[in-house]
Amino acid sequence: MAKPKDYPGSLFLIPSILGDNEPLEVLPISIKGAIESIDFYIVENEKSARRFIKKISPRKSQAKLNIETLNKFTEPAAIPTFLKPCLDGYDVGIISDAGCPGIADPGADVVKIAHEKNIKVVPMVGPSSILLAMMASGFNGQNFAFNGYLPIESSDRKKTIKLLERNSKELGQSQIFIETPYRNDKLLQELIKSLAPSTKICVACDITLPTEQIATKTVADWKHTKWELHKRPAIFIIQA
C-alpha cells in the first residue's frame with residue numbers, strides 16, 4: 001500500500017469501459033497510472049470492479065484492495081465514511097459499472113460530500129455513452145438535456161415523451177434518455193407511436209464495441225427500420 005500523504009488524499013473519478021472490450025483501447029494511459037497507485041475504491045459492483053482493475057493492472061495485488069460498495073442498497077449514513085482514507089492521506093478512486101462516475105451514477109453522492117470536506121476531486125478522461133451518442137447524433141450540441149430514465153407506467157411515459165418533444169421544439173434542445181436494456185425495443189416502439197412523423201430519433205447502442213450501431217432517422221423512417229436492441233446498452237435522443 002502507498003504511504004499516506006501529509007495532507008488529504010484526492011478523490012479520483014475513474015471511468016470504466018462501456019462493454020467487454022480491452023480497456024486501453026478506449027481509456028488513456030493515465031487511468032492505468034491511477035489504478036496502479038490507488039488501493040482504496042468506491043464501486044457499484046465489487047466483482048466487476050475487481051475484474052476491471054485486474055485487466056488494467058494484472059500485477060496489482062487484489063488482496064490489498066480496500067473496496068466499498070455504493071449502490072441503491074447503500075445506507076446514506078455510511079457514504080461519508082467511504083472518504084475517511086482521503087482524510088488519512090490516501091487517494092480514493094470511484095469506479096462506475098460503465099462509463100464516467102457521477103454521470104447517471106451514484107458516485108455523485110460521494111463527490112458532493114468530498115466538496116463539503118474540501119477533498120480535491122480529480123475527474124479523469126474516459127468514455128461517456130451520453131456524450132459519445134450526442135456527438136454522433138447530428139443534433140444540437142449547443143443545447144441538450146439528459147433526462148435519465150423515463151417513467152415505467154405507460155400513460156406517464158407517453159406524457160413524458162410528448163413533453164420532451166415539446167421542449168425540444170420550443171427550446172431547440174436535444175433530449176437524451178436511457179432505458180433498462182431489456183426494455184429498449186419497447187421504448188423505441190413507444191417513441192415511434194407517440195412522436196410526430198417529422199421528429200428525429202437517434203439510437204446509439206453498444207457504443208465503442210465491435211457491434212456498435214448509431215443511426216439518426218425521422219420517426220417516419222424508423223417505422224420501416226428493424227433493429228434488435230434487446231439487452232444491448234443504448235442511448236436515445238430526440239430532436240423535434
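Guide: Let's start with one term: two elements are in contact when heavy atoms lie within 4.5 Å. Keep in mind too that this is a predicted model.

Visitor: Okay, which strands does helix α8 lie across?

Guide: Helix α8, residues 184-194, lies across β7, β8 (200-205) and β10. Its direction runs at about 10 degrees to β10.

Visitor: How do strands of a sheet pair?

Guide: In general, they pair through backbone hydrogen bonds, and the pairing can be parallel or antiparallel. Here, β6, β7, β10, β8 and β9 form an open sheet in the order β6-β7-β10-β8-β9, with mixed pairing.

Visitor: In what sense do β7 and β10 pair?

Guide: Residues 174-178 of β7 and residues 234-239 of β10 pair in the antiparallel sense, over four bridges. To see it in the model, find Phe177, which stands opposite Phe236 in β10. Helix α7 (residues 154-171) packs on this sheet as well, touching β6, β7 and β10, and its direction makes about 55 degrees with that of β10.

Visitor: What is the order of strands in the open sheet with parallel pairing?

Guide: That one also has five strands, in the order β3-β2-β4-β1-β5. The edge strands β3 (66-69) and β5 (121-123) each pair on one side only. Here the twist averages 25 degrees from one strand to the next.

Visitor: Over how many bridges do β2 and β4 pair?

Guide: Four: β2 (residues 40-43) and β4 (residues 92-95) pair in the parallel sense. Val43 has Ile95 in β4 as its bridge partner. On this sheet packs α2, which touches β1 (11-14), β2 and β4 and makes about 135 degrees with the direction of β1. Helix α5 (residues 107-116) lies across β1, β2, β4 and β5, at about 155 degrees to β1.

Visitor: At what angle do the axes of α2 and α3 cross?

Guide: The axes of α2 (residues 29-37) and α3 (residues 46-56) cross at roughly 110 degrees and come within 9 Å. An angle from 65 to 115 counts as roughly perpendicular, so α2 is roughly perpendicular to α3. The crossing is left-handed.

Visitor: Which residues in α2 meet α3?

Guide: Ile31, Lys32 and Ile35 in α2 meet Phe52, Ile53 and Ile56 in α3. By class, that contact has five nonpolar residues, one charged and no polar ones.

How values were computed. Residues numbered from 1 in each chain as written. Predicted model: local features only at pLDDT ≥ 70, side-chain atom pairs only at ≥ 80, totals over all residues. Heavy atoms only, no water. Pairing = 2+ DSSP bridges. Helix = DSSP H or I, 4+ residues; strand = E, 2+ residues; numbered from the N terminus. Axes fitted to C-alpha atoms, helices over the stretch in contact; angles between N-to-C directions. Parallel < 35°, antiparallel > 145°, perpendicular 65-115°, else oblique. Left-handed = near helix turned anticlockwise from the far one by under 90°. Nonpolar A, V, L, I, M, F, W, Y, C, P; charged D, E, K, R; others polar.
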